[in-house]
Amino acid sequence: MNRLLMILGLFLCLQMNVSAQTCNAVPVPFLQSFSTGALPACWTNQNPTTTSTNANVKWKFSGSAGYGATGNGGKPAGSFAWVDASSPYANEHTVELISPQINLTGLTNPYVKFEWFKNHLTSATGTVPNYEHNALKLAVNNGTGWVQIWSDNSNNDEWRTVGVPLAASYVGATIQLKFTVDKDVAGNGYFYDDVLLDEVQIIQAPTCFEPLALPVTNIAPNSATLNWSPPPSPAPAPAGGYEYFYSTTNTPPTAAAVGTIVPGTSANISLLTSGSTYYWWVRSVCSASDKSPWVEGQSFTPGQIGGGTATHGFLPVYSCSGYSYSQQIYTTTEIASAVGTNNLITSIKYFVSSTAATQANYNQWVVYMGNTTQTDFATTTSWIPAGSLTQVYSGTLPAMTAGTWIEIPLATPFLWNGTSNVVIAVDENSTGTSCTANWGSYSAGANRGMIYYNSTTNPNPLNPPTATSRYAVLPRLQLVGAALPPCTNVPPTNITVSNITSSSATVTWSVSQNATYVVRYRTLPAGSWQTINVTTPFTNNISIPGLTEQTQYEVEIATICGTQGAFSLPVAFTTPALTYCNMIGTGTNDYISNVSVTPVNFPVMSNTTLQDNYSNYITPATLINLEIGSVGN
């Protein structure tokens, strides 16, 4: 037995020595491709804070990612390392992959470079879930402790390359790298957000470091601002500035391609075509003969609200339900990016990602629009009231084709006031169902969209029921806008009077840029003028209250552009008679008795008759006289 123990001990000792020799520090340049379907030799796969034994709390090296990472960004299964976002994710902050020791001797400017992929969507073409994005972090250790040198939690539908120069203190040292995925950032993790890693390198730093592309801003119908940041510290900023290149084709420029050189970290580009998708790249210019590789930025579409390839089945309409009513809020900035200063919106466009089999079961739309200060739907009853909306379209949509935009021409163009958010409400009234139409969408922010749907109950937009759901995604949207005429003192055109009741009427007109107005009205033939001052620019309608039934009126409007101009020609209208309701009983001998009326400025009328089927209320004793405009009767 003793001899057996000695042999076993000697064998284990030899195994430990072989292992230690195998995992000696490796030289540079260093490259690790995760292409074997297994954890590479001398790498450590750990999660020091977990209590779970589930495979999803550690890195994986085989199989395929899912949801937004479906297809692995074009790489075959087993050719990358990845962290599965699936459960368990609660409190899983330290999914760690640690490299072997790497001896940096020979590199005067060591540089860490790697590829990664993360696209937080519910499917390859889905929507961004309302959960926190997982984060990938990179740290380095030279024996004195781990120092984080990079982190990111952004999303992209393509693999991205990251380069991080190491500080001078690491030159000649032996180091390790640690890649950590936090699956529960801010305690709000979920199962959609897989993280992929590949091609980890430590090499001599380039002589000209790559900038980092940032999101495009100030997107307008025909212009935008490209943005980037300098190479990560401690890399120096390029002496010659930066060079950018953009195109409507997704073909990367070659090293010899000529772009536009600028000294700063942004560039305003113009003369763009509204509705076209643009692709762009940027690189550092250290000298005329020394430039970094091109870095791709996120594509963008001027004249469009929202980008990407995500889809949604519920907004603006849900084809799997017989009826639906939805509202979506778009911000002032988003509307300006789509129409610029073209305040008169003449049509709206939704992107049709996929169609359902029977379009007749979800193509009967009534569309409303309104200016609003509301930013979201705080509760499922926080509908923007119908009184704040204008019906702009009612009818059958044109035939829809997957992968294209459906344009809805507005019968009543909508006037955006230039400062408010805009709500778009869609009332879908087809009786049938057809699953499932999907619409292009984007991540807009919590509770920016809301819908009620039901297969048997058709909601009334005047009094919508409690919503079924609220969403953080909205449909991608394109708007067609027309410029308003410049402000002059000429009277407005297209003056119309509508919604005429016995006591009120609505007056509308065509507006000009930044004009205000004076509206006056009177009874015909020669009553006194009553004046309403319209002091808010971009207002094209008012309501006239307090009118008298069965009376002729005329209305005129003058424009104020610094000074007031002449009034328009009069537009006449007549109020109808007051409409009385019909008495409807529930029995065979219904009656009203003991009628008493105490009018203002007239004698009291009192009738104490009992049931006699009908009573005559036109005799002097029972005649009811009420003074027009009086209250408290």
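Trainee: What should I know about the model before I start?
Mentor: It is predicted, so local features need pLDDT of at least 70 and side-chain atom pairs count only at pLDDT 80 or more, while totals for chains, interfaces and linings use all residues. Residues are numbered from 1 along each chain as its sequence is written, and side-chain values use heavy atoms, with hydrogens and water left out.

Trainee: Where is Thr 94 found?
Mentor: In the loop between β3 (81–83) and β4 (95–98). Strands here are DSSP runs of E, at least two residues, and helices are runs of H or I, at least four residues, numbered from the N terminus.

Trainee: Is Thr 94 buried or exposed?
Mentor: Buried, with a relative accessible area of 16%. Buried means under 20%, exposed over 50%, and partly exposed in between, using a 1.4 Å probe and protein chains only.

Trainee: Which side chains does the Thr 94 side chain make a polar contact with?
Mentor: Asn 47 at 2.8 Å and Thr 49 at 2.6 Å. A polar contact is a pair of N or O atoms within 3.5 Å; within protein, one must be able to donate a hydrogen and the other to accept it, and residues adjacent in sequence count only if both atoms are side-chain atoms.

Trainee: New topic. How covered is β6?
Mentor: Mostly: six of the eight residues in β6 (residues 110–117) are buried.

Trainee: What does β6 pair with?
Mentor: β11 (residues 195–204), antiparallel over seven bridges, and β9 (residues 160–165), antiparallel over six bridges. Pairing requires that DSSP finds at least two bridges between the strands. Phe 117 is opposite Leu 196 in β11, and Lys 113 is opposite Gly 163 in β9.

Trainee: Which residues have the most contacts inside the largest nonpolar core?
Mentor: Ile 348, Tyr 350, Trp 365, Ile 424 and Trp 439, in a core of 40 residues. A second, separate core of 33 residues includes Phe 34, Leu 107, Tyr 170 and Leu 177. A nonpolar core is a set of buried Ala, Val, Leu, Ile, Met, Phe, Trp, Tyr and Cys residues joined through side-chain atoms within 4.5 Å.

Trainee: Last one: which residues does the Fibronectin type-III annotation cover?
Mentor: The unreviewed UniProt entry puts that domain at residues 210–305 and 491–578. Such annotations may be inferred rather than shown by experiment; positions are in the numbering used here and feature names are shortened. Residues 210–305 are 0% helix and 46% strand, with end C-alpha atoms 30 Å apart. Residues 491–578 are 0% helix and 49% strand, with end C-alpha atoms 33 Å apart.
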